[in-house]
Amino acid sequence: MEGEANGTLHPSCGASEPPYSRELLHSLDLAGIFLFAILTLMTLIANLVFVEEVVYIYRKIPSSKRSILIWINAAAPVIATASCIGMWIPRSTMFTDFTAAVFFAIVIHKFLLMMIKECGGQKLFLRRFENGHFKISTGPCCCCCLCLPGVRITRQTLLWLKLGTFQFAFFRPVLMFLSIVLWTNGNYSPYNLSLEGAAIWISCFIGILTIIALWPVVIMFQQVRAVLNCKKIIPKFALYQFILILSQLQAAVINILAMQRIIPCVPPLSSSARGAYMIQQLLIMEMFLITLISRVVYRRRYDDLEPPECTPEEGGDNKQTPKIILNVSETDGFGNTYKVRGFLGDSLDSLLPLANAFF
C-alpha cells in the first residue's frame with residue numbers, strides 16, 4: 001500500500017496472470033499455512049461425507065431416484081474441490097471455475113427433474129395437476145409482470161420447462177470449450193472485461209442463459225411446494241439457492257471489486273488474483289457447511305405421496321367388482337345332495353339367484 005501511495009508499484013500488482021504455486025506457497029506465513037491446512041481438511045471432509053452419502057443412497061433409495069440425488073448432493077463437494085485446487089494452484093483458476101460452473105449447470109437441470117420425480121414421475125405429475133396452471137409471473141424473469149396469465153399444465157408445457165434448464169446444461173460446456181480455445185489464441189482473459197475482449201460478451205451470454213434456466217425451476221417449485229412439503233422441498237430448494245448465490249453472485253461481486261482495485265494488491269497476488277483467492281477460500285468454507293446440511297436434509301426417509309385420485313371415466317374403465325364364491329350343499333327329500341355355487345358381488349341383488357336356489 002505504501003508503494004502505491006508513493007507511485008511505485010510492485011511488479012506482481014501489474015501482472016495479468018496469477019503467480020505460480022511455488023511463489024504463493026513461499027510467501028505464506030504461519031497463519032497462511034494454517035489456513036491452507038484447515039481449508040484443505042474441510043474439502044477432504046466434505047468429499048468423505050459425500051462418499052458416505054452415495055453409499056446410503058445406493059442402499060436405501062430406489063434406483064429411479066439415485067442418479068438425480070447423487071448429482072444434486074455432489075454440487076457442494078465438487079465446488080469445494082475445484083476451489084481447493086484453484087487455491088493451491090492459482091493459475092488453474094479459470095479451469096476450476098469453468099468446471100464448477102458446468103457441473104452446477106447440470107445440477108440446475110437435475111433439480112427440476114427431481115421435483116417431477118418426487119411427484120411420482122411425469123405421468124403422475126400430469127394426472128395430479130391436469131386441471132392446474134403454471135404461474136409464470138415469478139422470478140428471475142417475470143417477477144414484476146403480475147398480470148401474466150397462468151399456463152395450462154400439459155405434456156408440452158412440461159417439455160418446455162425441461163428444455164429451459166437443459167439448454168444451460170448444454171450450452172455452458174460449449175461456451176467453456178470456446179473460451180479455452182480463445183484463451184489459447186490470446187483472445188480471452190477472465191480479467192479483461194473491455195468491449196474488445198471476448199470475456200465480456202461470453203459472460204453476458206452466460207448471464208442470459210442462466211436467467212432463462214433459473215426461471216423454470218422457480219415455476220416448478222411454486223407449483224409443487226405444497227404437494228412436496230412433506231418431503232422438505234423448501235429446505236432443499238433453499239440449499240440449491242444458497243449454492244447458486246454463493247457460487248455465482250458472490251463471485252461476481254468480488255470479481256468486480258477486484259477489477260476496480262477496491263481489493264488491494266498483496267504481492268505476489270495482484271488485485272484480480274487476490275479476488276479469486278478470496279472467492280476460493282470463502283467457497284470452501286461455505287460448501288463445507290452446505291455439504292453437512294445437505295446430508296441431514298437428503299438423508300431422511302420420506303413417505304411416498306398418495307397417488308392422484310382417478311377421474312370417474314378412469315375409475316369406470318378399470319373398476320372390478322369384488323366377488324365372493326359360495327359353495328353350499330343341500331339335501332332334498334329323496335336323499336339326493338346338491339351343491340350350489342354362487343357369487344356375491346358388492347350389491348344385494350347378487351344374492352337373489354342364490355336365494356331362489358334354496359327357496
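I looked up Phe 36 and Tyr 277, and both are buried (under 20% relative accessible area, with exposed meaning over 50% and partly exposed in between, for a 1.4 Å probe and protein chains only). I note that this is a predicted model, in which local features need pLDDT of at least 70 and side-chain atom pairs count only at pLDDT 80 or more, while totals for chains, interfaces and linings use all residues. Residues are numbered from 1 along each chain as its sequence is written, and side-chain values use heavy atoms, with hydrogens and water left out.

I then searched the whole structure for aromatic pairs and found 14 (ring centres of Phe, Tyr and Trp, the last by its six-membered ring, within 6.5 Å; planes under 30 degrees apart are stacked, over 60 edge-to-face, the rest tilted). Because Phe 36 lies in helix α3 and Tyr 277 in helix α11 (residues 271–299), the pair ties together parts 241 residues apart in sequence (helices being DSSP runs of H or I, at least four residues, numbered from the N terminus).

For Phe 170 and Phe 171 I read ring centres 5.2 Å apart and planes at 75 degrees, so that pair is edge-to-face. Phe 170 is partly exposed at 45% relative accessibility, and Phe 171 is also partly exposed, at 34%. I also recorded one aromatic cluster formed by Phe 104, Phe 111, Phe 221, Phe 237 and Tyr 240.

How values were computed: Helix = DSSP H or I, 4+ residues; strand = E, 2+ residues; numbered from the N terminus.
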